[in-house]
Amino acid sequence: MIDRDPTVVRVTTEAMFAGLRDSGLKITPQRAAIVRELAGDPSHPTAQEIFDRLRGSVPSMSFATVYNTLDALVRSGLCGALSLAPGATRFDANMHAHHHAVCDQCGMVRDVPREGPADLAARVPGFSVRAVERIYRGLCSECAGAAPPQPDPSH
Ligand code: ZN
Ligand code: MN
């Protein structure tokens, strides 16, 4: 746990390596690179983004290895999987309970601290609540400040 922000509890690379071993996966150089990339990244990358970053520098990196490694981490409870847009699962090494804000324009994902304790069981009678995931959608400050696309005057 390396972050000082109390709403951020990042899973350490050591914990992720242990989780992969427990899942029966050997810590190959490829898997070690994937773990290091994810553990240090607050941007909620997709499997494709991690693959694109590592493919040039890590020999014989494959998309399947990236995907399978992330999948094993999620199943071991060592990283979160967010479905914020269709077809693009994002991975999150912050395992403190929190919400997310997503920019409609650039897709940026930011952590949002969870509000105080809530009586979850009372809100959903007859249901055992495991987690609450809230998504704030809108524009990031960069996109909100950008000029809107200009209409083409030739039309
Ligand atoms: Zn944006
Ligand atoms: Mn997050």
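Of the protein's 155 residues, 33% count as buried, where buried stands for under 20% relative accessible area, exposed for over 50% and partly exposed for anything in between (1.4 Å probe, protein chains only). This is a predicted model, so local features need pLDDT of at least 70 and side-chain atom pairs count only at pLDDT 80 or more, while totals for chains, interfaces and linings use all residues. Residues are numbered from 1 along each chain as its sequence is written, chains are lettered from A and ligands numbered from 1 in the order in which they are written, and side-chain values use heavy atoms, with hydrogens and water left out.

The protein has six helices and five strands, taken as DSSP runs (H or I of at least four residues for helices, E of at least two for strands) and numbered from the N terminus. Along the sequence they come in the order α-α-α-α-β-β-β-β-α-β-α.

Helix 2 (29–39) is mostly covered, with eight of its eleven residues buried. The buried set runs Gln30, Arg31, Ala32, Ala33, Ile34, Val35, Leu38 and Ala39. Helix 1 (13–22), helix 3, helix 4 (63–75) and strand 2 are among the elements that cover these residues.

Now to the packing of the helices. Two packed helices are described by the angle between their axes and the distance between the axes. Here axes are lines fitted to C-alpha atoms, for helices over the stretch in contact, and angles run from 0 to 180 degrees between N-to-C directions. For helix 2 and helix 3, the angle is about 115 degrees and the axes are 11 Å apart. Helix 2 contributes Ala33, Ile34, Glu37 and Leu38 to this contact, and helix 3 contributes Ile50, Arg53 and Leu54. By class, that gives five nonpolar, no polar and two charged residues, with Ala, Val, Leu, Ile, Met, Phe, Trp, Tyr, Cys and Pro taken as nonpolar, Asp, Glu, Lys and Arg as charged, and the others, Gly among them, as polar.

Helix 3 also packs on helix 4, at an angle of about 130 degrees and with the axes 9 Å apart. That makes helix 3 oblique to helix 4 (under 35 degrees is roughly parallel, over 145 roughly antiparallel, 65 to 115 roughly perpendicular and the rest oblique). On the helix 3 side, Ala47, Gln48, Ile50 and Phe51 meet Phe63, Val66, Tyr67 and Leu70 of helix 4. This contact holds seven nonpolar, one polar and no charged residues.

As for the metal, the manganese ion (ligand 2) has His44 (NE2), Asp92 (OD), His98 (NE2), His100 (NE2) and Asp111 (OD) as its protein donors, 2.0 to 2.2 Å away. Donors are N, O and S atoms within 2.8 Å of the metal (3.2 Å for Na, K and Ca); water is not among the atoms, so sites may look incomplete. Along the chain, the donors are spaced H-x47-D-x5-H-x1-H-x10-D. His44 sits in the loop between helix 2 and helix 3 (47–54) and Asp92 in strand 2 (residues 89–92), so the pair ties together parts that are 48 residues apart in sequence. His44 is buried at 1% relative accessibility, and Asp92 is buried too, at 6%.

Two loop residues have positive phi values without being glycine. For His44, phi is near 60 degrees. Ser60, in the loop between helix 3 and helix 4, has a phi of about 50 degrees and is exposed, with a relative accessible area of 63%.

Note on methods: Contact = heavy atoms within 4.5 Å.
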